[in-house]
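Please find below a colleague's note for someone meeting this entry for the first time. The points are numbered so that each can be read beside the model.

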Amino acid sequence: MVKFDHLLYGGDYNPEQWLEYPEILEQDLEYMRRAHINTVSVGIFSWAVLEPEEGVFCFGWLEEIVEKLYQNGISVILATPSGARPKWLSDAYPEVLRVDASGHRNFFGGRHNHCYTSPVYREKIKIINQELVRRLGSHPAVKLWHISNEYGGACYCPLCQQEFRRFLKEKYGTIEELNRRWCTTFWSHRYSSFEQIEAPSPRGENELHALKLDWKRFVTERTTDFMRHEIACLREAGSDKPVTTNMMYNFEGLNYPEMAPYVDIISWDSYPVWHKEPETVTASDCGMQHDIMRSLKKQPFLLMESCPSSTNWQKVSKLKKPGMLQAASLQAIAHGSDSVLYFQFRQSRGASEKFHGAVMDHYGGDTRVFREVTCTGASLQSLQELCGTEVRSLAAVLYDWDNRWAMEDAQGPRNKNLFYKETMEKSYRALRKLGLNVDVIDMSKTLEDYRLVAVPMMYLFKEGFAGKLRDFTEQGGTVLMTYWSGIVDETDRCFLGGTPHGLEDVFGLRSTEIDGLYDWESNAAVPVEGQEILRHTYTCRNLCELVEVNGAKSAVALGDALWGSREDVCRTESESDASCCCGAECSVNLLGGRERFGAQVLAVYGSDFYAGTPALTRNAYGKGYAYYICADFEQAFYDELYASAVKEAGVATPPLSEIPLGLEVTQRESETAAYLILQNFGDQDVAIQVTDGSYRMIYGGNAANLKKYETIVLKRDKI
Ligand code: GLA
Ligand code: ZN
């Protein structure tokens with residue numbers, strides 16, 4: 001785990017844009033000192049200045065600046081410059097430029113416009129990265145490598161297509177297996193060799209779901225491979241300093257959990273659109289992204305970029321109101337960040353980000369924004385002891401990239417507005433409203449640390465996932481799963497037999513149909529008498545699943561459909577038979593077993609032809625409980641349900657007499673101390689009563705009157 005001895009404060013610094021203004025560079029240091037800045041990221045887009053011509057290096061300016069920063073007590077996060085390449089490079093080697101999905105090679109321009117496979121690009125980045133190590137890698141100012149910048153996008157050039165085929169061959173072994181897993185017999189799309197396969201394209205194959213899913217996986221593999229190449233270059237040249245790469249908000253293009261193991265610390269760039277929706281909504285969304293990032297490694301992370309003022313790429317460039325910057329910055333710290341870093345220190349003079357907010361604007365002096373930055377810097381100074389402390393969660397919400405890719409492409413119950421993110425947010429918010437820390441994890445993570453997990457819309461089950469949920473429940477965990485779960489396997493092939501696949505007995509039900517509602521339609525969950533989980537009637541929209549309790553287990557029991565296993569074969573051969581042809585080890589032996597199940601119905605639908613059928617169920621399984629939420633319910637439904645389920649699961653909530661609307665409650669802890677961080681994102685001042693007297697205030701004002709945007713931090717010694 002990467003440990004810093006203080007919270008990092010500062011951000012992107014691009015002095016190469018100011019080399020002809022030495023007085024400005026001098027002034028920068030003075031203003032950094034005033035604002036309590038202790039860290040800057042340099043070199044992110046400096047390639048053209050560092051290597052103005054092929055093989056001609058010009059590092060003097062950077063060495064001088066890094067040394068000066070060091071003399072002034074400022075640490076450096078040193079970037080590799082692969083995010084944007086010099087013109088000479090793409091002129092001399094056009095193959096480094098990206099090819100789009102229609103097969104056209106891009107011109108020079110923009111950034112992220114390069115092929116991740118190109119041997120030339122890899123070689124050129126190796127040269128410049130290793131030069132960076134030689135010149136600056138062991139400088140004491142340099143604390144961390146910033147690998148490239150916001151990796152993203154894909155290349156469809158012949159080299160990448162070839163790599164795609166290699167990737168598929170490694171995965172499937174034979175073309176027959178690929179055909180089987182991809183269901184290519186549909187529309188006569190069978191392949192007879194790997195050489196025939198092309199990436200999905202709007203001009204070609206665009207409806208073979210498994211192809212598209214594997215292509216997205218491949219893009220992550222390619223990008224990760226390129227990132228690993230960059231890191232390997234640094235290591236080869238002798239640097240053992242930690243590495244990070246800056247990730248993005250809700251970015252669907254890359255499966256971040258797959259990249260996470262290769263960096264030493266997670267970092268990400270946060271640009272929430274404040275003051276558009278109620279602040280509480282934006283705060284929750286932003287907090288959730290912090291939690292997604294923290295959960296990638298379950299360790300402190302870095303807020304690598306944020307905006308001191310307004311961005312210039314959103315529809316409207318809204319200023320942050322006084323106090324907002326500090327609240328948003330401390331929110332990152334609350335959720336487990338060990339830094340607050342900005343894009344950027346000094347506003348560019350020209351080009352596409354000249355109006356993007358910065359610590360220093362074109363005026364170049366003391367401004368309202370600069371004062372807010374200074375004030376936030378001072379706050380971090382007094383919260384140094386939070387650095388390196390953990391955020392521990394007993395509750396987790398699952399959110400998975402493969403699942404998202406597959407489900408959104410599936411041509412299923414609603415082709416527009418499936419609301420995956422919104423649905424998982426409802427579980428997340430309900431848990432956060434109870435003041436709980438929440439991890440947001442993908443299907444690959446272990447569930448061992450949790451007492452309660454929410455599994456919203458987990459359409460795709462990876463191998464072993466059903467078993468993991470089963471064990472979790474059996475051992476006493478509470479799981480809350482929603483409709484449209486356990487429908488397909490890893491290659492988007494529908495499971496045969498009942499759904500949620502492999503878990504019908506755990507949930508005590510079988511899903512039979514799913515109704516897509518028109519936008520103007522709604523239904524309701526009406527609580528069943530005699531239960532204490534849900535007391536009110538709630539509205540649902542968009543999707544209503546019809547489930548059967550008191551049914552029998554799968555008509556066709558395939559177990560966890562195993563990769564390349566013989567189960568399908570067995571099923572085919574024994575379909576009409578109660579016993580399986582293949583002997584004892586085959587799960588098809590269950591066929592005809594017809595184990596009975598039956599969940600408790602907690603609420604029923606209020607209308608339509610399925611009125612009176614289950615809308616919410618609970619099944620006791622092993623030592624735990626498995627809840628099934630059948631439809632897309634309003635937030636209040638989730639709030640009540642989770643309040644009951646958390647209580648039932650015996651998960652302790654924070655020591656507060658109540659949690660007023662808009663109050664964000666987050667806890668960080670170390671071996672010796674627990675910290676309770678309370679932030680008011682609501683419109684009203686709130687009064688907070690801490691019920692555990694062993695907490696004392698270490699930051700902020702008056703708990704009895706916490707104003708909008710205010711933060712207080714309380715501490716309890718553990719020993
Ligand atoms: C991204 C990039 C930065 C800058 C900012 C502007 O996060 O990494 O280089 O363009 O956006 O908001
Ligand atoms: Zn390519």
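**Notes on the ligand sites and two residues**

1. In the side chain of R111, an N or O atom comes to 2.8 Å from an oxygen atom of ligand 1, a polar contact in the sense of a pair of N or O atoms within 3.5 Å (within protein, one must be able to donate a hydrogen and the other to accept it, and residues adjacent in sequence count only if both atoms are side-chain atoms). A polar side-chain atom of N149 is found 2.9 Å from an oxygen atom of ligand 1, and for W313 the corresponding side-chain distance to a ligand oxygen is 2.7 Å. Of the 310 Å² of accessible area that ligand 1 has on its own, the protein covers 97% (areas by the Shrake-Rupley method with a 1.4 Å probe; for residues, only the protein chains shown count as cover).

2. The model is predicted, with local features needing pLDDT of at least 70 and side-chain atom pairs pLDDT 80 or more, while totals for chains, interfaces and linings use all residues. Residues are numbered from 1 along each chain as its sequence is written, chains are lettered from A and ligands numbered from 1 in the order in which they are written, and side-chain values use heavy atoms, with hydrogens and water left out.

3. The residues around ligand 1 include F45, E150, D269, Y271 and H356, where a residue counts as near if one of its heavy atoms lies within 4 Å.

4. C155, at 4% relative accessibility, counts as buried, as does C160 with a relative accessible area of 2%; buried means under 20%, exposed over 50% and partly exposed in between (1.4 Å probe, protein chains only).

5. T367 sits in the loop between β9 (339-342) and α12 (368-382), helices (H or I, at least four residues) and strands (E, at least two) being DSSP runs numbered from the N terminus. T367 is buried at 12% relative accessibility, and its side chain reaches the backbone nitrogen of F370 at 2.9 Å.

6. A603 belongs to strand β17 (residues 600-605) and is buried at 0% relative accessibility. Beyond its neighbours within four places in sequence, A603 has contacts that include V526, L534 and L616, contact meaning heavy atoms within 4.5 Å.
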